[in-house]
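User: I have a new model open and would like a short walk through it. Could you help me get my bearings?

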Amino acid sequence: MMSSYFDFFCKNIESAEDQNTDQIVGTCNLMCPEDEINLREVERLVHVLEVWGMERKLVKSYSRSAADSNMAVPHLLRPYAVLINTVQFLLLEITRRKDVPASVVYDFVDDRLRAVRQDMTIQRLPPEQCVNLLEPMIRFYVYYSHKLSNLPLKDYDPALNKKSLLECMKWYLSSCDTIDENKKLDELSGLLSHLDLNRNTKLTNDRVLIESLYIVCNLNDLHPLYRYVHHSKQLRREPKLQLAYEIAITNLQGNYIKVCRLLDKVCPLTYCALFTYLPTLQRNALEVLSHAYNNKRLTIPSEVLVHWLHFADEFEAQAVCAHYGLKVEKHAVRFDKTDFAGDSTLHQLKLDDNKKLGSQSNQKFEISIIDIFTYTTSK
Amino acid sequence: MSLVTGTLNQYIQFVERMFRTSQGNILARLLSLRDDHVANRNLLSSDIATLVEGNCVAPLDEIIISHLLCVKSLYMKDFIDAYAHQSACVGSVVRLLQAQKEVNWGLPLMYTVCLDLRLVAQKAEARTPQSNGKILEKAAECLLACFRVCAADNRSSDADTKRLGMLNLVNQLLKVYFRINKLHLCKPLIRAIDSSPFKDQFPLAQQITYRYFVGRKAMFDSDYRSADEYLAFAFQNCHRNSLRNKRLILTYLVPVKMLLGFMPAKHLLQKYDLLQFWDLVSAVKNGDLRGIDKVMEEHENFFIRAGIYLIVEKLKITAYRNLFRKVYLAENTHQIDIACFQAALKVMGQDDVDSDETQCIVANLIFDGKIKGYISYQHKKVVVSKQNAFPPLSSLY
C-alpha cells in the first residue's frame, strides 16, 4: 500500500519537466487581499504601522489554518512577485518607523512575515523563489534578536525568535540543497550576481552569510559543523564561512579568548548572533577560570577579564563574576572553584550604546538598518 | 523441483506448500529478489495478477503478485516501480504476520522482504537524485510497520514471540537512517532494543551490526566512552575473515580510542589498510599541531567521508597536552613559565598565539583534569602538582 504522499512524489518525478497542474497560484496583487482590507477597516483592526499619514498600507496578517477554513483560495494568496515586494516593504520601510517601540515593530513584522511563509507553503513555491524570500527574513530575526535582547519576556521572547529563525534557516538551507541537486547552480549564481548590482536598494540573497549564521547561531550544536564539512570544497573555502567554522571549532575547544578576538573580524549580523551567545561563553569561561586559577591568595585584574571575555567595562566584569559567587576585590577577582555557583541562572548583558548596532558611538559598525538587510559578505 | 525452469503454477503450488508446512526459511528464499528463481522468465507472465489471484490462500497471493511484479520491474530497470511493488509486498507480509498468532516461523520471510525493500529503495534512490532521501524515508516507514507488529507481540511464549525479529529490523532501519542522515530517528529504536528482555539472546551477527551503528551514533553525539564500548565489542566479535567489516569498525574505533588516550599500533593500521591514521597518531603523540593540520589537509576526503573530521579537530586538545608535557619534562620543574609553553606553540607553527591565549589553552587542560595544577596570572607561571602532573589520558575517562 502506498500513501498518497509517495504517489504524489512519484508523479512529481515523472512530470518533472512539465509544470505542476495542481499547483495553486495566487492572484492577489496587493500586499493584503481586498476581503481582509474591508474586514479589518470595518472591525477597526488596522495596525498603527499600517497607517502612513493619510494613507493606509495594509499587509496580510497571519491567521492559523483551521479545519473549517479553506486557505487555498487564489484571490487570497499573493504570487511570488507580490511576496517579494511585501518582504521588501516590511524590512526596508516598516523597520525605519521610529514612532513606535522596536518591540512593536518586531511583533508586527514577525506576524506579517509568518503570513508570507504561509502563502509560500500553500502555493508550494519552488526552492529558487523560496531562498530569495527567506534570506531577508533570517537577517530580520538575527538582527532583532540582538536589538531586543534586553527587553523583558513580556515584550520579547527569545525562544520564539529562535524558533522562527530556525524554521527559516532550515527551509532556506534545504532549498539550497535542492537547488544544488537539481544542478541549477549556474542559474542561482546568475541570480545572485544580478541582485548584487542592486545593492542598497533591493534585498539580496547571500548564501555564504546564511550558512555562516547557521553555524554561529547554533554554537553548542555539532550538526551545523557536520553540514559545513560536507559542503563542496569551493563553498568551504569561502573566507566568511571559514571564519564561522573557525569560531565554532575554537569555541568547541574552549578557547574563549580566541573566540572573543575573532568577534572583531565578523560582519554585523554574525556579530549580532554571537552577541546573544556571549553570556553562555562568559559563564563557561568563568567556570574554567575558577578551576585553572584556583587559589586562595592570587587574583586576576578585572581589566584583564574585560579584555579576555569581551565585557563592556570593569563594572560589568565584576558584576558578572559576583553573579556566579566569585569574590570580587577592588580591581580584581579571586577565583576559587568552590565559590563558583554553576547552577545560577545565566546572566544578561546590558545593551548600551557601545554594543548597539547602528548607534553612533559604535564605531565598529556604523551601519544603517537598511544596510543590515542588504549588505553582502562577498567583496 | 527446479524453480529455475518450472511454470508459474508449479511455483505457486510450491510456495503454498511451504507456507502450509510452516517452512519459513524456504518460503523466504522463494520470495527473495536474490534467489535463483528470479531468473526464471516463466514466472513473469504478462498478466501475473489474474493468474495468481484466487489461485492460492490469501494473503499469500498478494505477496506473490507484488513479488513477481517487482521482479518484472527490475528487469525493466524501473526502480521506482520496483520499489512500489516491493513496498506493497512488505505491506502484505505485515498483514500475514499479524494474522499468525503465537508463532514466529514467518520471521525469515519478513527479514528477506525487508532487506530486499531496502536494497531496491537504495537503487531507486541512486537513479532519482531529486528524491533526496525521500524514497528511503518511505522504505523506513514500511520497515517500521513490521517493527510494530514484532514489538507488540508480547503474549506469545519466549520461544515463539515475534519480538525475536526486532533486532534484524532495527539494523535495517539504522542502515537507512545513517544513509539518509536522520540520526535523531535512531533513538527510539535503540531504546527499544536496550530495554528488550531478549537483548543478549539475539544472534551474535545481528548484535555486532547493532553495536557498530549504536557506537557510531554515540560518537556522533560526542559520547565517546559508550562509543568505545560498542565499537570495541563489534570489533572483537566480528568474524576474523570479515576484513572489510573489521576495517569499517576500526575507522571509527581508532579515532575514538585516540581521544580516550589509546594510540593504535602501526601493524594494526597496516593490516587493515588504515595508514591514513598513522601520520595522525605520530602528530598527536608529538604534539605536532602543524603536522595535524597537514594530515587533515592530506586525508581530508577520507576523514570527511568517514564523518570523523570533527573528531580529528578534537584531537588537537590531546596534542596540546602532549606538547605541554614535553615542555614540563624538559624544564624539569614544577613551576613552568607560560612563556615556555608559548614558545613551544610557536615552534609548532602557532605563531599568532600570545601569552593570554596560551594561558587559556592551559586553563582548559586543567579544567578537563589533563593537567594537575593552577595558573598564577601575576607570575605568569603554571604551578603543577608534584605527583602525576600529567595523568595518563586513559585514566581520565
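**Surface and overall form of chain B**

Analyst: The accessible surface of chain B comes to about 17800 Å² (Shrake-Rupley method, 1.4 Å probe), and 49% of that surface belongs to carbon and sulfur atoms. This is a predicted model, in which local features need pLDDT of at least 70, side-chain atom pairs count only at pLDDT 80 or more, and totals for chains, interfaces and linings use all residues. Residues are numbered from 1 along each chain as its sequence is written, chains are lettered from A and ligands numbered from 1 in the order in which they are written, and side-chain values use heavy atoms, with hydrogens and water left out.

User: OK, how many helices and strands does chain B have?

Analyst: Chain B has 19 helices and 3 strands, counted as DSSP runs (H or I of at least four residues for helices, E of at least two for strands, numbered from the N terminus). The radius of gyration of chain B, taken over C-alpha atoms, is 28 Å, well over the 21 Å that the globule rule (2.2 Å times the number of residues to the power 0.38) gives for 397 residues, so chain B is more spread out than a compact globule.

User: And what box do the C-alpha atoms fill?

Analyst: Along the principal axes, the C-alpha atoms of chain B fill a box of roughly 90 × 45 × 35 Å.

User: Switching topic, where does B:Ser22 lie?

Analyst: B:Ser22 sits in the loop between helix 1 (8–20) and helix 2 (24–30) of chain B, and its phi is near 55 degrees, a positive value in a residue other than glycine.
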